[in-house]
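Let's walk through this one together, chain by chain. Open the viewer and keep the sequence at hand.

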Amino acid sequence: MPLFLRFYLERERAILGTITVVFFLCFWEGLTRGWWADLLGPVLGSAAARWRISPIFLSSPTAIARTAIRLFSAGEIWNDLRVSGLEFLLGFVLAIAVGIPAGLAAGWYRRFCFAIEPFLSALNATPRVALLPLIIIWVGIGIWSKVLIVFLGAVVPLCLNALAGVRTTDAKLLRVARSFKAAEGRLFLTIILPSAVPFILTGLRLGVGRAMVGVVVGELYAATAGVGFMITVAGASFQTDKVFVGVVIIALAGVLMIEALARLERRFETWRPKVGAAT
Amino acid sequence: MRTEGQTLYAADVTGVSSLGKFYVEHERGLIGTGAVLTFLLAWEAVTRSRLVDPLFLSSPTLIVRAGYELFAEGTIWRDLRVSGTEFVVGYLMAAGVAIPLGLALGWYRRLYFCLGPFIDVLNAVPRVALLPVIIIWFGIGVWSKIVVVFLGAVIPMLINTFSGVKTTEERFLKVARSFGASELKIFWTIVFPGTVPFIFTGLKYAAGRALLGVVVGELYAATAGIGFLITVSGATFQTDKVFVGILIVTTTGVLVVELLDRLERRFEGWRPKVGSAT
Amino acid sequence: MPVKLEAQRICLEYYQPRTGRRLLALDDIDLAIMDGEFVSIVGPSGCGKTTFLNVVDGLLPATSGRILLDGKVVTEPGQDRAMVFQDASLLPWRTVLGNVLYGLECQGIGTRPARQRAQHFIEMVGLQGFEHHYPYELSGGMQQRANLARALVMDPQVLLMDEPFAALDAQTREVMQEELLQIWRQAKKTVLFITHQINEAIYLSDRVIVFTTRPGRVKQSVTIDIERPRKLAVKRDPRFLQLEDFVWNLIEDEVRKTMLADRSSRGSAEVGPPDSGV
């Protein structure tokens, strides 16, 4: 096999991915810069003008990059980042502190589960952001309304997954522990909790997604600072490039958090056979 | 050997009075109903006693009355129709794109290599963050909401369909190949049936995302719809109407998932029921 | 030799809250096992062998009757008995050493002396060098060695073994049987062994108890008068084959009965309440 072909086949995924992304970005850039209109002009005549789109409407990769640099160097964005980060962190930590213990308890104590089940299902079926107008009435448009919406978003998947984790504990393993006369507390710590860990991690991953939606929507809806607020103000004043900067920041934050969780997951999973992870 | 390990209930229940037996048999429903009733009563009591302003918290009876009035006046039908259209059109468009595309992505490796990065990025962004741009592009009418619904629903459908194809069991593929089945035959007889449950998981999950899209889109900028009703009522302190809107959204979510469950059961008769030991 | 373990008129009845039906799983079982004796129970699948073992271990309460150990009634699991479970009962998140230590931890035995003891038994079952492997990294045979070590380390007087070699391939099973006999000779334990393999039961035991189909009853007790130590070659000895034939004839009827019962009650054969009380 020729050398370059082998080089290609070994890195096919990265190469094809990069090519399409670069192609996409060039196409986008060309739309606002009029490259395609100029190129197609001789062929299509006046219809080629449709391939020229106003940067105000669409923005472009270079415009977004320029705006990002300006925003970060001028420092006006730091306050928004801090506010959004704080809302996310407070809400998510609160959700973990409530959701996981509640879920574990509901899995362990049948009657407790029966009691909270209807509320959990109802909350799970409602997009929690629909509660935003109420939350704004109750706690105002400051950061606490966002903390609350983040909490409500993340607490449900955390709780439901912890519950499912306890429920799906292998009955055989429980029997082993009972046979050794393990005390209730030990049973919980050595059998129930370890088998719930993968579920709890899934809950965390889902929770992160919900929490991000909470921050963004909360700030889009009513806020005085934050990345979502920045996006909505920029959108209302047709600063499309600034909107995209905000979107990119949010995307990066999402990717980083998912990656951090994947790391955490790997640390917990040494005892599990390695299986092909389907994305 | 199904008898193993299950005498926890043994002998002791048989001797109990019929009332006790009734309780044991319906414990789950009884405790659940009790908890919900307690909650509703407490809520009603708190507002009736003026401990908290009903303007602030509303109350179960006020919500029922508001719901009745809204439906009797008939103004709500338009909101329902608008939201319903947005949901259905966006969701169906997403299914129409995501299922074929997901199957193709799973089957053709190179196609996945090309589009993978875009899907990963879209998956990481809460799509609702794109709302301000979508409003610029599509205006505040129905179409902006349809696009948000589409973007919300398309990703989970796509990812689930894709991973369904990817998790096709190697041994079934071997069986088919040893019988000399063509690629197309393998796809429709081995890969696709194995993917169906994944597609349904995606559809169910996407229903939630789509509902979220409708609500957020209408909260943000709209001229009609249930989300619009919620936000307008919120801004004018009509808390009871806000709750009516939320209840409608919740009911829709429950109904859609139930509908999909039914549909799934029709498709999945050959699959053994796995232990939902509630 | 004194009687070590005695089952007196053990009955076990399941109750299904949903249907209100009762189902007799064990019917009036009387059994006495001498100190140091190796006794096997064989029977058609679903005859309640494992259920009986769970009653002896104290995991399931009998509806009536009692279990005596050295003349004292036992009602719950205790250090004097240890169970070797069927496959896949090792805690997957603990290494071999961690699993062997588990029982000792439950009894609150300190880490250092426990470690030495664990090491001793890990070597006895031939797992030295694998102390820090997780169960998924071990073959089926090695997993069952670890399982055996986990029971032996408790230094029980009676070892209860629930089809421990059922999931192993034929060759591994034979090797494990021979090794089990060696360990049994060294450790001088009373063993109650459950299996559905007739030649395994005969090869290992001083006595083979044949159970009837559900409800489980003692059909016959067969004394195996083949001198020890037994080599694997003894399985081809005419006397051995004769015994095998004899026991098979006892079971054959029961197996046929089970098959008939299965056919007539298919679909309604589910037994035991599904709420496993986790």
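First, a ground rule: two residues are in contact if their C-beta atoms, placed from the backbone, lie within 7 Å. With that in hand, look at where chain A meets chain C: the contact takes 19 residues from chain A and 18 residues from chain C.

Some bookkeeping before going on. This is a predicted model, where local features need pLDDT of at least 70, side-chain atom pairs count only at pLDDT 80 or more, and totals for chains, interfaces and linings use all residues. Residues are numbered from 1 along each chain as its sequence is written, while chains are lettered from A and ligands numbered from 1 in the order in which they are written.

Back to the side of chain A that touches chain C. The biggest giver is α10(A), with 8 residues. Sorted by class, this side has 10 nonpolar, 2 polar and 7 charged residues. (Ala, Val, Leu, Ile, Met, Phe, Trp, Tyr, Cys and Pro count as nonpolar, Asp, Glu, Lys and Arg as charged, and the others, Gly among them, as polar.)

Chain B itself is assigned domain 1 (1–52) and domain 2 (71–270), with bounds from an automatic or database domain assignment. The C-alpha centres of these two domains of chain B lie 36 Å apart.

Finally, chain C. It has an open sheet of 6 strands in the order β6-β7-β8-β3-β9-β10, with mixed pairing; two strands pair if DSSP finds at least two bridges between them. At the edges sit β6 (81–84) and β10 (218–223) of chain C, each pairing on one side only. β6(C) pairs with β7(C) (residues 158–162) in the parallel sense over 4 bridges, and R81(C) stands opposite V158(C) in β7(C). Helix α4(C) (residues 140–152) packs on the sheet, touching β6 and β7 of chain C, and its direction makes about 175° with that of β6(C). For that angle, axes are lines fitted to C-alpha atoms, for helices over the stretch in contact, and angles run from 0 to 180 degrees between N-to-C directions.

Definitions and conventions
Helices (H or I, at least four residues) and strands (E, at least two) are DSSP runs, numbered from the N terminus.
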